[in-house]
Amino acid sequence: MPALILPLIDATAHWPQRGALVGLDLGTKTIGVAVSDADRRLATGVETIARKTFTADAARLLVIARERNAAGFVLGLPINMDGSEGPRAQSTRAFARNFSKLTDLAIALWDERLSTVAVERELIDMDMSRARRAKVIDEHAAIFILQGALDRLTVLGRPAG
């Protein structure tokens with residue numbers, strides 16, 4: 001049976017009490033990957049995957065999830081500022097549907113509006129060169145997405161699993 005794809009708050013009921021979550025920032029050319037600690041308090045960058053084929057990309061993500069004993073996934077959903085969903089959000093939902101057929105770990109969708117913009121500003125403030133920013137932006141966006149989801153669960157006082 002394919003994994004469930006749910007809003008963040010609903011996905012928590014399908015994750016065990018403890019275990020890392022893998023956060024993903026899906027770009028057209030790369031996938032930024034972050035992972036939380038088992039207690040789901042802190043997101044850390046793992047890598048940026050250069051996209052090849054869905055099969056190759058998904059295989060790498062499943063290896064990362066296994067290596068980290070992941071309990072679930074958090075996918076950044078790029079919603080437009082007016083709340084509508086454009087082509088990038090549709091592409092993310094399609095990725096989630098296809099990916100869900102390869103795992104039984106519940107997949108949470110998390111509104112990632114402005115995550116890349118916020119990360120870009122942060123990296124500029126760190127005086128990082130444009131070339132260096134280009135290499136790390138997606139991984140940092142994945143950290144931003146996952147940390148935002150973890151913080152939201154904490155604020156709601158809901159167990160992250």
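Ring pairs join Phe-54, Phe-73, Phe-95 and Phe-99 into a cluster. The model is predicted.

## The aromatic cluster

A pair of aromatic rings is described by two things: the distance of the centres and the angle of the planes. The structure holds three aromatic pairs. Take Phe-54 and Phe-95, whose ring centres are 5.3 Å apart and whose planes meet at 75°, so this pair is edge-to-face.

Is Phe-95 buried or exposed? Its relative accessibility is 4%, and the cut-off for buried is under 20%, so Phe-95 counts as buried. Phe-54 has a relative accessible area of 29%, so Phe-54 is partly exposed.

Now look at Phe-95 and Phe-99. These two rings form a stacked pair, with 5.7 Å from centre to centre and 20° between the planes. Both residues are buried. They sit four places apart in helix α3, so about one helical turn separates them.

## The whole chain

Step back to the overall plan. The chain has five helices and six strands. Along the sequence the pattern reads β-α-β-β-β-α-β-α-β-α-α. There are 161 residues in the chain, and 47% of them are buried. The accessible surface comes to about 8,400 Å². Carbon and sulfur atoms account for 53% of that surface.

How much of the contact list links residues 24 or more positions apart? Among contacts with a separation of 6 or more, the share is 65%.

## Strand β2 and its partners

Strand β2 covers residues 20-26. How many of its seven residues are buried? The count is seven of seven, and the strand is mostly covered.

In a regular strand the side chains alternate between the two faces of the sheet. Follow this along β2. Ala-20, Val-22, Leu-24 and Leu-26 point one way. Leu-21, Gly-23 and Asp-25 point the other way. Residues in both sets are buried.

β2 pairs with two strands described here. With strand β5 (residues 70-77) the pairing is parallel, over five bridges. Leu-21 stands opposite Gly-72 in β5. With β3 the pairing is antiparallel, again over five bridges. Here Leu-26 stands opposite Ile-31 in β3. A hairpin of three residues joins β2 to β3.

## Salt bridges

Side chains of opposite charge can pair when their charged atoms come close. The chain has four salt bridges.

| Residue | Partner | Distance |
|---|---|---|
| Arg-18 | Asp-39 | 2.7 Å |
| Arg-60 | Glu-47 | 2.6 Å |
| Glu-85 | Arg-93 | 2.8 Å |

Where do the partners sit? Arg-18 and Asp-39 form a salt bridge. Arg-18 lies in the loop between α1 (8-11) and β2, and Asp-39 lies in the loop between β3 (30-36) and β4 (43-50). The two are 21 residues apart, and the pair links distant parts of the chain. Asp-39 has 39% relative accessibility, so Asp-39 counts as partly exposed.

Arg-60 and Glu-47 also form a salt bridge. Arg-60 is in helix α2 (residues 54-67) and Glu-47 is in strand β4, 13 residues apart. This pair too links distant parts of the chain. Arg-60 is partly exposed, at a relative accessible area of 29%.

Glu-85 pairs with Arg-93. Glu-85 is partly exposed, with a relative accessible area of 33%. Arg-93 is partly exposed as well, at 31% relative accessibility.

## Gln-147 on helix α5

Gln-147 lies in helix α5 (residues 130-155). Its relative accessibility is 17%, so Gln-147 counts as buried. Which residues does Gln-147 touch, leaving out those up to four places away in sequence? They are Arg-41, Leu-42 and Ala-43. With Ala-43 there is also a specific atom to find: the side chain of Gln-147 reaches the backbone nitrogen of Ala-43 at 2.8 Å.

Notes: Residues are numbered from 1 along each chain as its sequence is written. This is a predicted model: local features need pLDDT of at least 70, side-chain atom pairs count only at pLDDT 80 or more; totals for chains, interfaces and linings use all residues. Side-chain values use heavy atoms; hydrogens and water are left out. A salt bridge is a side-chain nitrogen of Lys or Arg within 4 Å of a carboxyl oxygen of Asp or Glu. Buried means under 20% relative accessible area, exposed over 50%, partly exposed in between (1.4 Å probe, protein chains only). Rings of Phe, Tyr and Trp (its six-membered ring) pair if their centres lie within 6.5 Å; planes under 30 degrees apart count as stacked, over 60 as edge-to-face and the rest as tilted. Two strands pair if DSSP finds at least two bridges between them. Contact means heavy atoms within 4.5 Å. Accessible areas come from the Shrake-Rupley method with a 1.4 Å probe; for residues, only the protein chains shown count as cover. A polar contact is a pair of N or O atoms within 3.5 Å; within protein, one must be able to donate a hydrogen and the other to accept it, and residues adjacent in sequence count only if both atoms are side-chain atoms.
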